[in-house]
Amino acid sequence: MDVTRRGFLRISGAVGSGVALSSLGINLKPTKAYAHELDKMNRVKAAKQITTICCYCAVGCGLICSVDKVTGKIFNIEGDPDHPINEGSLCAKGAGFFDLTEANKYRLQKVLYRAPMSDRWEEKDWNWAIARIARLIKDTRDKDFITKNSKGQIVNRTESIGHLGSSNVDSEECWLMSVISRTMGLVYVDHQARV
Amino acid sequence: MIQRNKEEISKLNLQIEDAIENYPNTQNILRAFQNVLLAKKRLVEGEISVDVDVSNVSTNRLEECVPVCRQIQLFSSDEPWEKVSFSLIPPIMTGFPALAKEMKKIEEAIKNEVFEFTEYFTSFPELKNDIVLKWASMTGIRPEVFQFFLINILKPVLGAKAKKAIPILGEFTWDKGFCPFCGGFPEIAVIKDKITERWLHCSCCGHQWRYNRIVCPYCGYEAKEEGSTYFFVEGKDQECAFVCDQCNRYLITLRRIRDTHELNPDIVSMKLCHLDALMQEKGFSPVAITEWNVFEPEVQ
């Protein structure tokens, strides 16, 4: 039997050929009125579902993000059940993905600084923070930089600074951080990539 | 068995009452269909006995996406059409008082063996509208009422057959948007909690199958780059309507549902028919046309 897509489409049409309930004596006004009211009150929202890949580690799990069509903001992230790698499941880091978005009200949005021996945080601007971090790194590196080891071999390393990546650092940022760290001669570089 | 059926019926009744309580606007629709749904449930759960021989159904052809209804003839000459008709005519008369006279005429005609149901249903899925028109004019019944009656007697028989046949067929891959058993399109989709698989519920036989989250079940378009659009009512984002920008069809969808077995797709579809009204107002058409999701545009 030759089966075409057009043939299939006819099946549902034949079985469920549309009979409007109103023609069978059922009053549909309450439902229409309810729908109309929802629309009038602007309570009908439009969103988009977009597939993407988790940025954290090399596994590459599939995600589905729901995005508000008006604001363009993500309001839900879930595992993609049709993705061949994770089949809908996510690790603890992936499951907490949504908290990385701006929807998380606890997410830090300003630089906080605690001075040595202080018990409180101070708000600082980025220019101050970047200049201070650069200054401390430069001073520490210059003070302890080792060009040759005990055997006279060139090593060009800094042993007094270590770099620890956060679990919220993605793969691309990890690469950048490791390049920066090694450029400065750091040897103690670590990162929490997977749970 | 009888006890289990009673429990099922009482669950169904509770679901209907719950739906009416949450969506009072659907009271007219749910009350009209209440007894029809209960009668259909009783029929599918064992009041009718149906046979379906799937020995000639090839799993390979299923894997090639040829549904059972295209591989074998689903209906034979000894289907229980009369029994199903006599079980459904009284609840239709109660739920749809405007159709009472016409239902009475159909009942009489069946008793007088006016209709040759086998002639009509054995051509499934290519059902012939000219037979409906002929029978309707013979008995003085509006064609749309006759069509409504035929749909209602078809579904429980199809449902009982699907229930019997699908477990025998075993596991097979099916990645089409129409039903692997009867070829019908889904009336609703349910997205499960945790592992968020999308399950489609056939509008004809009630079978459910898993389907890709971002592919349109009607035209097969995959909205990978631009994403698939859906609409929902603020504060009720579990209930939404996914739309396809290619074919302009929509599918009512329930999201994050823990137990899909407890759901009756017909009741869910009826209680969310305000979404149908909204989508049709926006110019979209349903993926599957059911007895309750056709809203005529307002006459201005």
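I started with helix H4 (residues 126-144) of chain A, whose 19 residues should span 27 Å at 1.5 Å a residue; its end C-alpha atoms are 27 Å apart, which agrees. The expected span is 1.5 Å times one less than the number of residues. Helices (H or I, at least four residues) and strands (E, at least two) are DSSP runs, numbered from the N terminus.

I noted that this is a predicted model, where local features need pLDDT of at least 70, side-chain atom pairs count only at pLDDT 80 or more, and totals for chains, interfaces and linings use all residues. Residues are numbered from 1 along each chain as its sequence is written, and chains are lettered from A in the order in which they are written.

Next I checked burial in H4(A). Zero of its 19 residues are buried, so H4(A) lies largely in the open. Buried here means 20 or more other C-beta atoms within 10 Å of the residue's own, with C-beta atoms placed from the backbone.

Then I looked up the contact between the chains. Chain B gives 54 residues and chain A gives 46. Contact means C-beta atoms, placed from the backbone, within 7 Å. Helix H2 (27-47) and strand E4 (228-233) of chain B are among the elements that give two or more residues to chain B's side.

I followed E4(B) across. Strand E1 (residues 44-53) of chain A joins E4(B) through six bridges, and the two run antiparallel. Val44(A) stands opposite Val233(B). Strands pair if DSSP finds at least two bridges between them.

Last, I took the open sheet E6-E7-E8 of chain A, three strands with mixed pairing. Strands E6 (146-148) and E8 (186-190) are its edges. E7 (residues 154-164) runs parallel to E8(A), with four bridges.

Technical notes: Two residues are in contact if their C-beta atoms, placed from the backbone, lie within 7 Å. A residue is buried if 20 or more other C-beta atoms lie within 10 Å of its own, exposed if 12 or fewer, and partly exposed in between; C-beta atoms are placed from the backbone.
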